[in-house]
Amino acid sequence: MNGKSYSLKVITTEKVFYEGNVVSAVIPGEVGYLGVLANHAPLVTTCVPGELYFRDAQGMEYRYKAGKGFLEILGNHVTFLTDKVLGSKEINE
Amino acid sequence: MASLRQIRRRIRSVENTKKITRAMEMVAASKLRRFEDLLTKARESAYFLERLLKNLLKDVADYKHPLFEAKGGAGKIVLVVVTSDTGLCGTYNSNLLHAANAFLKEKADRQAEGQCLQDKAAEGGRSKQGQVEIITVGKTGLNYFRRIGQRTGLAFNEIRLSNFEATVQEITEHLTQGFLGCRSGQAAGGGLTESAQAIGQYRSGQAAGGGLTESARAGGSQFDQVYLLYTQYVSKSNYKPRVEKFLNLEKTADEAGERVGYILEPSAERIFDELLPRFLLTKVRTVLLEAFLSEQLSRMVAMRQATDNAVEMIEDLTLLRNKLRQASITKELIEVVSGAKAAKK
């Protein structure tokens, strides 16, 4: 897959759930789902429970259910802190 | 001089002690590893929240949140002392309690100064002065403060891994709600939502006329400041008692960085309402983990020392035993030889 990648970190209260370079991510923000690509403007939002999706540089797709949380986008570093992440389902393209 | 038999018995008893201390050392070491693991993972979110909060505060410097509000100065102070449940951990508890006493003394001194001024100004507010309430975590602290007759509030004992998260929530809620002065009657377990509710109540109370602070103070459930006293874990060879201010939150005057210019969704208020309780919860969690880690570390070191001492003692006693045995053999030989000589004559 093409497109610039950026670093995504998914942290739960207990551990770092995912850390790596992704091309795109969709995160359940409080005011609606947020699609995040590289070079996003700095942003902080609260997140509601919902579906978390991201695709890494190799084209692997990940879908999870995430709990309440926080999203911070700062430069090309995106950090998503959430209560818990459930139901890992990886779709290999 | 002790008899051979007595020395043998002592060697055996020291050996048993050695076995016990060695076992305790190993138990502490395994617990240590588990807590260490938890702490490294918990620190990840703690660092994130701390950094985020700092950045946000730079962005919205003028924003006022109830948790940041400094209360009227010399009101009730709460000190949370994190000690261990069990003993045999070297100087861990005594160092902590020493620090606690220093803290109490310092506050009492400041109180005394304040009192003089207060007396001149007004006589009414004096009863609220100089109260430090102590909340203990761990039995050692509780027993100690009871013995010296210090007022203690809630006590949290026997925290294990199974009830760790629940206790962390309970402590955080108690402190947050006590600070805000809105105690909801609900049972523990609501966690973040409950703290958020407390913030909401506080706000609505203030909007209704700002009298809530006064009424809550009259109710007596209000703390003006909350401090945590725990053993900070820096590294395996560096862990020491530390007093940290927990509430009210203080803005760190970090001039170095520039504003980030975040887009805030949906609003600064919502974000702070979500972020701060979570931040406090994480803070309590890391503080407790650090304390437990230090406790196990301290116990491990103490037990290793005890084992080493036992080994040394066994060596000394063995030497003595051998000397005594040799002496008795020599004595018997002399007796046999001299007996034989006498028989020949």
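A: Helix 3 (residues 139–147) of chain B lies across strand 1, strand 2 and strand 3 of chain B, and its direction is at about 145 degrees to that of strand 2 of chain B. Here helices (H or I, at least four residues) and strands (E, at least two) are DSSP runs, numbered from the N terminus. Axes are lines fitted to C-alpha atoms, for helices over the stretch in contact, and angles run from 0 to 180 degrees between N-to-C directions. Two residues are in contact if their C-beta atoms, placed from the backbone, lie within 7 Å.

This is a predicted model, in which local features need pLDDT of at least 70 and side-chain atom pairs count only at pLDDT 80 or more, while totals for chains, interfaces and linings use all residues. Residues are numbered from 1 along each chain as its sequence is written, and chains are lettered from A and ligands numbered from 1 in the order in which they are written.

The sheet under discussion is open and has five strands of chain B in the order 3-2-1-4-5, with mixed pairing. Two strands pair if DSSP finds at least two bridges between them. Strand 3 (152–156) and strand 5 (238–247) of chain B are the edge strands, each pairing on one side only. On average, neighbouring strands of this sheet are turned by 20 degrees against each other, direction ignored. Strand 1 (residues 77–82) and strand 2 (residues 132–137) of chain B run parallel and are joined by six bridges; Val81(B) has Thr136(B) in strand 2 of chain B as its bridge partner.

Helix 7 of chain B also lies across part of the sheet, namely strand 1, strand 4 (225–235) and strand 5 of chain B. The angle of helix 7 to strand 4 of chain B is about 50 degrees.

Helix 7 (residues 268–344) of chain B packs with helix 1 (residues 4–59) of chain B at an angle of about 160 degrees, with 5 Å between their axes. Helix 1 and helix 7 of chain B are therefore roughly antiparallel (angles under 35 degrees count as roughly parallel, over 145 as roughly antiparallel, 65 to 115 as roughly perpendicular and the rest as oblique). The contact of helix 1 with helix 7 of chain B involves 31 nonpolar, nine polar and 16 charged residues. Ala, Val, Leu, Ile, Met, Phe, Trp, Tyr, Cys and Pro count as nonpolar, Asp, Glu, Lys and Arg as charged, and the others, Gly among them, as polar.

Chain B also touches chain A: 17 residues of chain B are in contact with 19 residues of chain A. Helix 1, strand 6 (263–265) and helix 7 of chain B each supply at least two residues of that side of chain B, and helix 1 of chain B gives the most, with six residues. Strand 6 of chain B pairs in the parallel sense with strand 4 (residues 43–47) of chain A over three bridges.

As to confidence, chain B has a mean pLDDT (the predictor's confidence in each residue, from 0 to 100) of 81, and 79% of its residues reach 70 or more. Within chain B, helix 7 has the highest mean, at 92, and helix 6 (residues 212–219) the lowest, at 42. Where pLDDT is low, the predicted coordinates should not be read in detail.
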